[in-house]
Amino acid sequence: MQIRRPLLWICVGWMGGMTIASRFDAGWIALGGLTSAIFVLLWAGTHHGRNALTACAVAAAFAIGGGWFERYDAGNTSAIPFPDGAEEAVVLSGVIRTKPVTDGDRATFDLTVERMTARGEAAALPREVVKVYVYFKTEEERNGMAEWARGDRATVTGTIRRPLSAVNFGGFDYREYLRRQHIHWTATAEGLASVERSEAADWSAPRVLSYVDRIRDGMGARIAAAYDEPVAGFMKGLVLGIREDVDPAKYQAFSQVGLTHILAISGLNVAIYVGAILWLLGKLPLTRETRLVAAIAAVPVYVLLTGASPSVVRAGIMAMIALYAARRRLLKDGMNVLAAAALLMLAWNPYFLYDVSFQLSFAVTAGIILGTPLMNRLVRIGRPAVQSAVSVTVIAQCVSFPLTVAYFNAFSILSFPANFVIVPLFSLGIMPLGSIAMLLSYVWPGGAGALAYVAELLTSLSFRLVTWMSGYDGASSIWATPPLWWIGAYYASLFALLAAAANKLPFGTGPGCVLGLGYGGRALERLLTLVRLRAFLVPACAVVYAGALLYAYAPNAFDRTAVVSFLDVGQGDAIYIRTPYGKHLLIDGGGTVRFGRPGEEWRLRKDPFEVGEDVVVPLLRKRGVQRIDALLMSHGDTDHIGGLRAVVDGIPVRRVFFNGTAKEGETSETLFRAIVAKRIPLTAAYEGMIVRADPATELRILFPKQPSDENDLFVSDDQNERSVVVLMRVYGKTFLFTGDIGAAEEAAIAEALRNETEMPSPIDVLKVAHHGSKTSTTAAWLNYWKPKAAAISVGRSNMYGHPHSTVVERLDAASIRIYRTDVHGEIQFRVRKDSFQVRTKVMRE
């Protein structure tokens, strides 16, 4: 039988070639193209002449897609000659490419550089784009940025450097993120006086888009005037795709139940918009062809007004192709339309392949097209509308699941009922009402206000429902980031299970064919006779599908390797330990120290960087940490416990150890309140306490000493001298974690242990106390423990001068191998029964 949907298979080949090219060299592209052609032929058979032609087209698409990606990626280079790690004073002149965004004391925009002056020399830089950060000194400077727009010419005087790469294993790679936007450098300017601006008179693309920005801002202002916060910010995101004003707490609640896609302008929004356009044009004396052409012309306008994200671009391209096909009565198959949209987007910008919005948009759309008919055969509901809604919800959640856990490492079982109830409320109620109210406000403010009132009531109702659902911590599960092969295996097992259960197998030539593929040869047909038996295939597919889920949920279940990771959290400590039997321990969680003064509230950002929420929790989730068996707070300074509030809120914690004291201040108080509210056992750690994490791991508390009254909990502002010191043994290897103790505490510990014969010396790894401060790590301390390696948790270019040169010299003199998070990034020690390895994220000697 002839292969149906050849364009779909060509698109699959194109994307496969690009995927291989993004990871391997050209030889693998050629091999992959040949393999894909053979696969298509074996799958579909050769008895129809066009099958061989389609197979050749797929192989060609594989090779061309891979080659195009390689060429596109190879051309993504910078003309700026400075070495990596350098920070140079420059003057950049060019055109602002993106809309300047102001948040607190900082504004950001992309600058297309035309000329750069550095080291006394000027040079032209065609096509170089730099990400610019402007830091304001006064509130007046920030207000003066309001009139800036893309398309304006600007001269920036400041410093330029390469963006920072990922410094933790699995961490966010800012350099690669910007590189995919063709940005290789970031520039920093202090004060608005460092940036000169003049309006451009030409009609460049950025200048034209600045008028689109003004229209969007005007529409956003009307929405803001019609609603109270947080509804106003949410409505901007829903109607216009303006997400900067969405309340972070509300966004987090929607994220917990899998509803953030509501704010992504996508297919349903475009369908409603196109439907409204066609309905209005239908009231005019126009021919069918004229109405369709007008609708095609209107789609790009909507795409631009809603921000042109990958999801709305995909939906817009699909709508335009579908409208054109309707006019010419061509290409009626939805999968072919989707494939055409994907090919156009990837041909325009191959980096869309990495975009999570692109991936989710196309995967879910394809899943709904292919999977909903199968699910309808399994879901027996009398009302077709309800049956279709249930099928679409289940398919969309199942298809989005692997990408959701790959990028967000969490999934809530409540996402099924939440999407079934909340999505129709927003899509068919709140979003249309909000859109009509915004447009109506231009001609009939009174009527717009009435509609906005109804929309606000419905939005507030949805907020309460989502907040109620997100409050059930047990409904959400944490998943490690799965490998790429697992995602492919998951989709194959999912659709095999659906097809088998619905008795619509993808083999054969009859109406039971899902993909329209035939097979050739009687031998293969006889071989598949047993496999096609539903009684055999359904349980087999179910077992494979369940096995895939179990593997993804616990990928390290049988791994008996101990891992000790000194995470790079800047100027602070955060040490994650996975024991050989799967226990998860965390010592400290870093923290962001802020120095705010009264009257400078204008400097505060809407969603400021926070180490716990933005670094520690995402890293632990990526590694599949579904619970923390023991959380140890060495002491109460912010750079050690500031990030732990996010940890306690984001990951279940079974037990907390602390130094028996509390420190005055909001950071310490809110953390302890969160621990008590969640009823987590809280234990003071004192000298002599032993914690056996598992049969291979033991932790012994060496400091502080227990006070005379063991129930005495007191407030202490000087926390360093009360730091908890822990000696850990795992598989015979020893690690000493020292918090921020000073020389006096080091001497006291050594004196208390001097008569013990079981103390290990030398130890394997010493965590250098107090980030390498000169007040710690004495020669006597090193002589007592004789560590083989030392780990220093310290921030890059920190204001304290850590680690102090005398400490580094002392370590060098003792021939101790030094690892520093500011130099090496994350430091990870891996311990097995027969081996001991260390690796660092940043490979430097």
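Me: What share of the 845 residues in the chain is buried?
Reply: In this predicted model, buried residues make up 50% of the chain.

Me: How many helices and strands does the chain have?
Reply: The secondary structure comprises 27 helices and 26 strands.

Me: Turning to helix α7, how many of its residues are buried?
Reply: Ten of the ten residues of α7 (residues 231–240) are buried, so this helix is largely enclosed by the rest of the structure. Among them are F234, M235 and K236.

Me: Which helices do those buried residues of α7 pack against?
Reply: They pack against α6, α8, α9, α10, α15 and α16.

Me: And what follows α7?
Reply: G241 follows α7, with a positive phi near 75°.

Me: Next, α12 and α13: at what angle do they pack, and how far apart are their axes?
Reply: Helix α12 (residues 334–348) and helix α13 (residues 356–378) pack at about 165°, with axes 10 Å apart. That angle is over 145 degrees, which means α12 is roughly antiparallel to α13.

Me: Is the crossing of α12 and α13 left-handed or right-handed?
Reply: The crossing is left-handed.

Me: Which residues make the contact?
Reply: From α12 come G334, M335, L338, A341, A342, M345 and L346, while α13 contributes F358, F362, T365, A366, I369 and L370.

Me: How do the residues of that contact divide into nonpolar, polar and charged?
Reply: Eleven are nonpolar, two are polar and none is charged.

Technical notes:
Residues numbered from 1 in each chain as written. Predicted model: local features only at pLDDT ≥ 70, side-chain atom pairs only at ≥ 80, totals over all residues. Heavy atoms only, no water. Axes fitted to C-alpha atoms, helices over the stretch in contact; angles between N-to-C directions. Helix = DSSP H or I, 4+ residues; strand = E, 2+ residues; numbered from the N terminus. Parallel < 35°, antiparallel > 145°, perpendicular 65-115°, else oblique. Left-handed = near helix turned anticlockwise from the far one by under 90°. Contact = heavy atoms within 4.5 Å. Nonpolar A, V, L, I, M, F, W, Y, C, P; charged D, E, K, R; others polar. Buried < 20%, exposed > 50% of the residue type's maximum accessible area, 1.4 Å probe, protein only.
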